[in-house]
Amino acid sequence: VAQGYLVQNMGNDIYVFQDANGTKIMVDIDDDAWGEVMVGPNDMVMIMGELDKNGNDIQIDVDTVKKM
């Protein structure tokens, strides 16, 4: 579980997520994880999912997005 902002849409369901400390990580958010939530880059969200590590690449595979 993490709270922060989706600051950039990279395409293909990949977004840049930034927490309150300024730490950024790529997150993969499939359509079903959004539910009815609509957010912009200034909306705080809570994401829930699993850490996905492939070599040096790390991202979060998001199961649920909630607007705070």
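Predicted model: local features only at pLDDT ≥ 70, side-chain atom pairs only at ≥ 80, totals over all residues.

Reader: How many helices and strands are in the chain?

Author: Start with the rule. Helices (H or I, at least four residues) and strands (E, at least two) are DSSP runs, numbered from the N terminus. This chain has 1 helix and 5 strands. From the N terminus on, the order is β-β-β-α-β-β.

Reader: What does the radius of gyration say about the chain?

Author: The radius is taken over C-alpha atoms, and the globule rule is 2.2 Å times the number of residues to the power 0.38. For 68 residues, a compact globule would have a radius near 11 Å; the chain has 11 Å, so the two agree. Along its principal axes, the C-alpha trace spans about 35 × 25 × 20 Å.

Reader: Which strands are in the barrel, and in what order?

Author: First, pairing. Two strands pair if DSSP finds at least two bridges between them. Here 5 strands make a closed barrel, in the order β1-β2-β3-β5-β4, with mixed pairing. From one strand to the next, the twist averages 45°. For such angles, axes are lines fitted to C-alpha atoms, for helices over the stretch in contact, and angles run from 0 to 180 degrees between N-to-C directions.

Reader: Which strands run parallel, and which antiparallel?

Author: β1 (residues 2-11) and β2 (residues 14-19) are antiparallel, with 6 bridges. Two of the pairings to find are Leu6 with Phe17 in β2 and Asn9 opposite Tyr15 in β2. β2 and β3 are also antiparallel, with 5 bridges. There, Gln18 has Lys24 in β3 as its bridge partner. β3 and β5 run parallel, joined by 4 bridges. Val27 has Ile60 in β5 as its partner. β1 and β4 (residues 44-54) are antiparallel, with 4 bridges. Gly4 stands opposite Val45 in β4.

Reader: Is Asn12 buried or exposed?

Author: Use the cut-offs. Buried means under 20% relative accessible area, exposed over 50%, partly exposed in between (1.4 Å probe, protein chains only). Asn12 is exposed, because its relative accessible area is 76%. Asp13 has 30%, so Asp13 counts as partly exposed. Over the chain, buried residues make up 26% of the 68 residues.

Reader: Which residues make up the largest nonpolar core?

Author: A nonpolar core is a set of buried Ala, Val, Leu, Ile, Met, Phe, Trp, Tyr and Cys residues joined through side-chain atoms within 4.5 Å. The largest one here has 12 residues: Leu6, Tyr15, Phe17, Val27, Ile29, Ala33, Trp34, Val45, Ile47, Ile60, Val62 and Val65. β5 gives the most, with 3 residues.

Reader: What does Ala33 touch?

Author: Contact means heavy atoms within 4.5 Å. Not counting residues up to four places away in sequence, Ala33 touches Val62, Asp63, Thr64 and Val65. Now the whole chain. Of the contacts with a separation of 6 or more, 40% come from residues 24 or more positions apart.

Reader: How many aromatic pairs are there?

Author: Rings of Phe, Tyr and Trp (its six-membered ring) pair if their centres lie within 6.5 Å; planes under 30 degrees apart count as stacked, over 60 as edge-to-face and the rest as tilted. The count is 1 aromatic pair. Tyr15 and Trp34 form an edge-to-face pair, 5.6 Å centre to centre, with 75° between the planes. This pair links distant parts of the chain: Tyr15 is in strand β2, Trp34 in helix α1, 19 residues apart. Both Tyr15 and Trp34 are buried.

Key
Residues numbered from 1 in each chain as written. Heavy atoms only, no water.
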